[in-house]
Protein chains: 2
Amino acid sequence: MQDVAREAGVSPSTVSRALHTRGYASPAVRARVQAAAERIGYVTDHNARNLRSRTSTSIGVLISDLRNPFYADLAAGIEEELRAAQYQMVLVNDDGDPAEELRAAETLLAMRVPGVIVTPVTAKCPQLLQDNGVHVVCADRELGRSKGDVVLSDNKAGARELTGHLLNLGHTRIGLLIDETKWSTGAGRLAGFRAAHLDYLVDLDEDLIAYTSFDAGAAQATTRKLLNDHEVTAIISANNVLAHGALAELKDRRVKIPRQISLAAYDDVPWMSLVQPSLTTVDQSTVEMGRSCARLLLARIRGELPPQRRIVRVPARLIVRGSTGPAPR
Amino acid sequence: MQDVAREAGVSPSTVSRALHTRGYASPAVRARVQAAAERIGYVTDHNARNLRSRTSTSIGVLISDLRNPFYADLAAGIEEELRAAQYQMVLVNDDGDPAEELRAAETLLAMRVPGVIVTPVTAKCPQLLQDNGVHVVCADRELGRSKGDVVLSDNKAGARELTGHLLNLGHTRIGLLIDETKWSTGAGRLAGFRAAHLDYLVDLDEDLIAYTSFDAGAAQATTRKLLNDHEVTAIISANNVLAHGALAELKDRRVKIPRQISLAAYDDVPWMSLVQPSLTTVDQSTVEMGRSCARLLLARIRGELPPQRRIVRVPARLIVRGSTGPAPR
DNA sequence: ATCGAATGTGGCATCGATGCCACATTCCAG
DNA sequence: CTGGAATGTGGCATCGATGCCACATTCGAT
């Protein structure tokens, strides 16, 4: 910047004003400075600016697994919105590991980011960040009674609609493949599943709720067990990973979908419309969810929001495709 | 840091040495300083450190579309390796738009990142970065005769093996669905396609090379045209997006795969093993490719490499599944 | 006992951008 | 024609970490 000042024949202070802040600067000087900057290829040093102004335009994004299209879409939505607002995205995978997550949070603190978007694994992580004055938006899930802003899919409504769709087709024994119910995500989907049974006055056999772990292989094994031990005419999987496992098992068994068994999933991802038959799913508008997170966070950073926490519920949409049909009688 | 110094009863210089650099610092003082830092929750300010040392531990990653599993896997591999080395990933989507790409490059310059990994859209972008002393690794493709390091899938070998597999099954009229051949990626795959025909002494009908654009819808239309205008017994699509379009068209036509037509694709992504029949593909080890990029870049940054450019070719692996079979006679 | 090396520690300038304050110039009103 | 506001511009300290240099202390060797 010194160089630009020399080149333009003004002081560094003036250069700063001319290029960035909206302080006094005559049009003539402004033009001259800009020309000079252009000429010598000057690029502002973010580190210096950040140091001085005690902030940064980088936003931390902490997710579990970029290879899962759900997180990838979420990140894509976030990035899109941040980029439009001239912010940068620092992306960290935590692999669902609390230790990694905490380490990442510390790194982001060191970077003095003004905000972080996180799909939290542990409540400690958002806590640590907030304690240090960093704005936090939790995405996709809520841990216990947290304090900060949060953006969620309307899990209960979505699962209720999906389950209702199957009940309406005459299914009365529907298996639910689910991995966790401690976080709001799983809890909501389970609640929706239950609610739909109430809506249709169908008794819910608790044994048909098959708990598994967040892993396609495990989901396949659990599906196998479910099918061996119980009579079901339909299966709902609580997310795209579990759907993968369930479908693999049905495929192995050469079960006719939906003639013998209907299959449906929460969280629509591209492959679900490519398989034969294509899967009935709930689209949770993941990209839009990402955008919402970013918009909310930016508004918070700019101080445009009242202090109380905001909960954004992104509507879920049922997409009926070929994998669900009338219950075999 | 001042606070830590006061807390520990030493000077800031000593704190710096005790915590970070490997200068003189007695074990006693070092321990005392660390305890003090811990107590008041001190976290190094990266901005200050970066400013002073004229560098940064953030690495820029410029890709076209995070929602495409290819790029997501690439980014995941990069992030994994960077994180292990205590670097951060600043991820930017350029949507394949040269203007966005250039804008992103400027932002990364402003951040004073020591290196960037990019799937380049324009040669200008790596050029600009290199001119400003930033190390660049190009991933997945090479533009013209570029100067820098590059990590590529062994496109020619992979495509040759895949095409050979089909020729070996007796197919003599194989359609190739491809979007571009100006970049090394498409050029390599096309070259492999040709080479295989030579290997098997099969005349290649140039009309069977169907040029389309990087978009599933367009690929579907192009596939339709290909099937309408020509007799083919097999189709190869040059990447996962085009495969999506091709499969959609075959599905619409209720073509029996592989009885009537065999389908194969370059770039294995998860859905390809889920569809019925599952697709024969070439796995380009995308995650490993990402890791390679990061390793190469870090080595470059650390000055561990000789000056001449390095070209890493990641082996591609043919995966034969159910979508390819003997040519109908 | 004395000198010089070895080993720690503090002082201070520095990285580049910013924003406050002071100062210079222009301009209009009285 | 003069005083004071209005409008620009430069000087300087500052953000926090670093690394050089100088200095202080300890220790062993002669």
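**Exercise 1.** By class, how many nonpolar, polar and charged residues does the surface near DNA strand D have?

*Ground rules.* This is a predicted model, where local features need pLDDT of at least 70, side-chain atom pairs count only at pLDDT 80 or more, and totals for chains, interfaces and linings use all residues. Residues are numbered from 1 along each chain as its sequence is written, while chains are lettered from A and ligands numbered from 1 in the order in which they are written.

*Solution.*
- Start with "near": the C-beta atom of the residue, placed from the backbone, lies within 6 Å of the strand.
- Next, the classes: Ala, Val, Leu, Ile, Met, Phe, Trp, Tyr, Cys and Pro are nonpolar, Asp, Glu, Lys and Arg are charged, and the others, Gly among them, are polar.
- Now sort them: you get 10 nonpolar, 11 polar and 5 charged residues.

**Exercise 2.** Find which element gives the most to the surface near DNA strand C.

*Solution.*
- Elements are DSSP runs numbered from the N terminus: helices (H or I, at least four residues) and strands (E, at least two).
- Chains A and B each bring α2 and α4, and each of these helices supplies at least two residues.
- The top giver is α4(A), with 5 residues.
- For DNA strand D, the largest share, also 5 residues, comes from α4(B).

**Exercise 3.** Check the length of helix α8 of chain B.

*Solution.*
- The rule: expected span is 1.5 Å times one less than the number of residues.
- Helix α8(B) has 14 residues (155-168), so the span should be 20 Å.
- Its end C-alpha atoms are 19 Å apart, which agrees.
- Just past α8(B), Gly170(B) has a positive phi of about 100°.
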